[in-house]
Amino acid sequence: MKALQRNIPALLILAAILGGLELFVRAADVKSFIFPAPSAVWTALLDNWNEGYRIFPAAKVTLTEALGGLAMGTATGLVVAFAVSRFPRSRDTVLPLAVAINAIPIVAFAPIANNWFGILSPYSKMAVAASLVFFPIMINVLRGLTDVDSSALELMRSYGASPTAVTRRLRIPNALPYFLTGLKVATTLSLIGAVVGEYFGGLTDTLGRVVVGAASALRFDITWSAILVVALAGMGMYLLAVTVERVLIPWHPSVRGDQPA
Amino acid sequence: MTVQTARPRRTILRRIVSFLVFIVAVLVVWEAFKLLAGDPIFVDGEKIWDPPLTVWLATDVNLPHTWVIWNRTLAPVTSGAKESLGGYLIGQAVFTMRESLTGFAIGGVLGIALATLFVHFRLIERAFVPYVVASQTIPIIALAPLIMFFTGHNVSSVIIIATYLCFFPVTIAMLRGLRSPDPRALELMRSYAASRRAVLWKVRFPASLPYLFTALKITATASIVGAIVGEGPGGMQEGLGRALMFFSQQYAISPEKLWASIFVTAGLGILFYLAVVGAEQWVLRGRPQAAFG
Amino acid sequence: MGAARPPAGGIRVNATGESGAADQPVVRLTGVGKTFGAMDAPVVALADINLEIGRGEFVSLIGPSGCGKSTLLRLIGDLTDATDGSVEVNGKPARRARLDRDYGMVFQSPVLFDWRTVEDNVRLPLELFGHDRASQDRRASEMLELVGLTEFAKRHPYELSGGMQQRVAIARALAFSPSLLLMDEPFGALDEMTRERMNSEVLSIWERTGITVVFVTHSIPEAVFLSSRVAVMSARPGRVTRIVEVDLPRPRGLETRESPRYFNLIIEVREALRAGDRAGAASEATLASPERTAAEGGIG
């Protein structure tokens, strides 16, 4: 209730923009291939849900690609982070390097992935998504495993705790919030990887191809409705990650609400 | 607590060395993989090496020898052309860089201006910030083809894409940064009866700079991604995006062209990132800073 | 507990590890020195420290910041290595004593694990030492009762005040019945009122358990109120310049803080600190205080 109240100005703006667009398009009689009215986008979504541009089947394929890439990228990111954290001295070399390599526009690999795994295969999109996901997961988890309070390490040392015990009871719980921060970024990135991979070519029944195909046919109403679905999918995946976070680390300041999400 | 007041020159040197070592390592792994599982190597028509394994990823089509890619960049871009592939790609990189730099600059300035506005007007903030935050959870790059087809296949469309990809992260980071000063610092300014403008210039802006640079490092890459997606799938006739798209279609005949384009794109991304890091080092010199980017 | 026998002397350590021979000191420092930094720019943090702490004693280490008192505490706990001399705990080398779990440590910050409940934080050392679940439960609830936090067992650390968090840290340090308690400015971050209350609690715990305590502080009243002896240190290099015997009657309470003898002892310690400071000022050559960079860096 309180959240609703706080967001009243935002909701009003949304209503004003949608209403204003609708009125403007109707009053000025703007053609749909120039700018579609919000109501036209909604109609286009319903009309093309299962036939025509088949947005729903396309969304299923794209989501599969994104989730597959998310799973693969997260798994490799975790493995590499744990491997590097075994060598504490290498961290100061590996982290800046990984951050710099992360500055490469990884989507440039989309054409190679398309050629390697087949332009029509979902695996080519998963590969792009996975390489986008890998870096934030790896970098965040590595930070979490190594940025441990030095007093906590001294405490474990005072107990004569083995390295395995330190990892299990201190480093891994410490890395959990970092991992979930990475995961939240990664959900969006996995969808970007899948969609941009599709922009560089792919099956017709994918959201990326629907966006490109409808736009080149000047069916902007359908383009917008497909983009709406992409946006909703992104928010859905993000909210899922937030839910996981709330369940796993209820004690953390970011979940307790001391800082904005 | 990885805070240092001055970064020793040695650290920078070590980073450069580690980066070079990384590049060499990639080349070594690349060629080792080919020796292990690639196609046989011929010198003057004579087979000198036959790899023990065969993996489809390591064939000469899917993973050309690094020297083949290098030699190809020196050869003409198409048979009979005067320009070499390398020269052509650098030209396209400059073209793309111009677009992404423009988008980076406009997006950055817009983001800073908007965040400043939000910090001063609570109602505007509550009306718009939820959307800026939500933009981080959705793949806004999906809008790229729409913009290309809507505003035409030209440079300004690509700049628009790059701009909005930069705009959102800068706004959010800047808003956090402008809010980051110690409340006691703001109270101190209040005790001086300082004007809003003075508070902004003396306290809020300086405090926001580290946040701003964190965002700029992200948007350096984002602006290039935006430009590439606008150029390639968006149907431009110039730029790295177009080169990637075009050479992807020639992959079966000459995969080296696509690989060379990818390397140039990767290099451009890292160069842009390093330029922002350099600017950050200079602007924030003397301040305590995190030990890594 | 492995009863490690020192190579020479043949001092007996009994199987529980709780007490050695009655006359054997719990801590024995002989000619201990600590030098930080590279070969070309060594910084002498501690020089020639000789100190014996007997069973059941409460000894405070007090001195200006940079005198190496935290470093000295860490040497006793084998959290850092001495560069000179020998550190013995319960008649064994400090390292052996740490592996035998002879001491509990309380830091300036509580160092509680955010992801564990109060109870599970107290349980941590018992888990590591392989105690069975039932004895973990029993011991944890005993300890929380000792520090008066029974009703907060299922809470998370962030739900507790600073003083309560530090009490959890003390409960955790005592959970496995060590013979020695090392405390590094444990109440430095607390307000004066809370600090005085915590002082009384620590004394009551000390009296009930008979444990030996080494307590680092920079508060003169705190040191005098708590201790049986106060070791006064000077900086650059860190040395023990004087040992003040505190003969205030026990049990100590509010009357102690108002007695003339208490004020006289405070004056005595303060003058000892000044004397050490004047001596140290003569050798004011080092730039940075090694203790800050080594042990206190980042604690606000």
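In this predicted model, B:S223 is found in helix α8 of chain B, which covers residues 196-231. With a relative accessibility of 0%, B:S223 counts as buried, and, leaving aside its neighbours within four places in sequence, B:S223 is in contact with B:S100, B:F104, B:A162, B:C166 and B:F272.

**Other sites in chain B**

- B:H120 is found in helix α3 of chain B, residues 85-120, and, when neighbours within four places in sequence are left aside, B:H120 is in contact with B:R196 and B:L200.
- Although B:H120 and B:L200 are 80 residues apart along the chain, their C-alpha atoms are separated by 9.8 Å.
- B:D44 lies in the loop between β2 (41-43) and β3 (46-49) of chain B, where its phi is near 50°, a positive value in a residue other than glycine.
- B:D44 counts as exposed, because its relative accessibility of 79% is over the 50% limit.

**The six-stranded sheet of chain C**

- Chain C holds an open sheet of six strands in the order β6-β7-β8-β3-β9-β10, with mixed pairing; its edge strands are β6 (103-106) and β10 (239-245), each of which pairs on one side only, and the twist averages 20° from one strand to the next.
- Strand β8 of chain C, residues 212-217, is mostly covered, since six of its six residues are buried; C:T212, C:V214 and C:V216 point one way from this strand, while C:V213, C:F215 and C:T217 point the other way.
- Strand β3 of chain C (residues 58-62) pairs with β8(C) in the parallel sense over five bridges, and the bridge partner of C:F58 in β8(C) is C:V213.
- Strand β7 of chain C (residues 180-184) also pairs with β8(C) in the parallel sense over five bridges, and here the bridge partner of C:L182 in β8(C) is C:V214.
- From β7(C) the chain crosses through helix α6 of chain C (residues 192-209) to β8(C), and this β-α-β crossover is right-handed.
- Strand β9 of chain C (residues 229-234) runs antiparallel to β10(C), to which six bridges join it; within this pair, the partner of C:V232 in β10(C) is C:R242.
- Helix α5 of chain C (residues 162-174) lies across β6 and β7 of chain C and runs at about 165° to β6(C).

**The largest nonpolar core**

- The largest nonpolar core contains 234 residues, and those that touch the most other members are A:M156, C:L29, C:I170, C:L180, C:M183, C:V224 and C:V269.
- Helix α9 of chain A (residues 163-199) gives the most to this core, with 15 residues.
- Not counting residues up to four places away in sequence, C:M183 touches C:L73, C:V106, C:I170, C:V202, C:V213, C:V214, C:F215 and C:V216.

**Cysteines**

- C:C67 counts as buried, because its relative accessibility is 0%.
- The count of disulfides over all chains comes to zero, when a disulfide is taken as a pair of cysteine sulfur atoms within 2.5 Å.

**Backbone features in chain C**

- A cis peptide bond joins C:R250 and C:P251, with omega about -5°, and C:P251 lies in the loop between β10 and α8 (254-258) of chain C.
- C:V111 has a positive phi of about 50° although it is not a glycine, and its place is in the loop between β6 and α3 (118-128) of chain C.
- C:V111 counts as buried, because its relative accessibility of 6% lies under the 20% limit.

**Makeup of chain A**

- The secondary structure of chain A comes to twelve helices and zero strands, and the C-alpha trace of this chain spans about 75 × 50 × 30 Å along its principal axes.
- Of the 261 residues in chain A, 52% are buried.
- Among the contacts in chain A with a separation of 6 or more, 73% are accounted for by residues 24 or more positions apart.

Note on methods
Residues are numbered from 1 along each chain as its sequence is written. Chains are lettered from A and ligands numbered from 1 in the order in which they are written. This is a predicted model: local features need pLDDT of at least 70, side-chain atom pairs count only at pLDDT 80 or more; totals for chains, interfaces and linings use all residues. Side-chain values use heavy atoms; hydrogens and water are left out. Buried means under 20% relative accessible area, exposed over 50%, partly exposed in between (1.4 Å probe, protein chains only). Helices (H or I, at least four residues) and strands (E, at least two) are DSSP runs, numbered from the N terminus. Two strands pair if DSSP finds at least two bridges between them. A crossover is right-handed if, with the strands pointing away from the viewer, the path from the first strand over the helix to the second runs clockwise. Axes are lines fitted to C-alpha atoms, for helices over the stretch in contact, and angles run from 0 to 180 degrees between N-to-C directions. Contact means heavy atoms within 4.5 Å. A nonpolar core is a set of buried Ala, Val, Leu, Ile, Met, Phe, Trp, Tyr and Cys residues joined through side-chain atoms within 4.5 Å.
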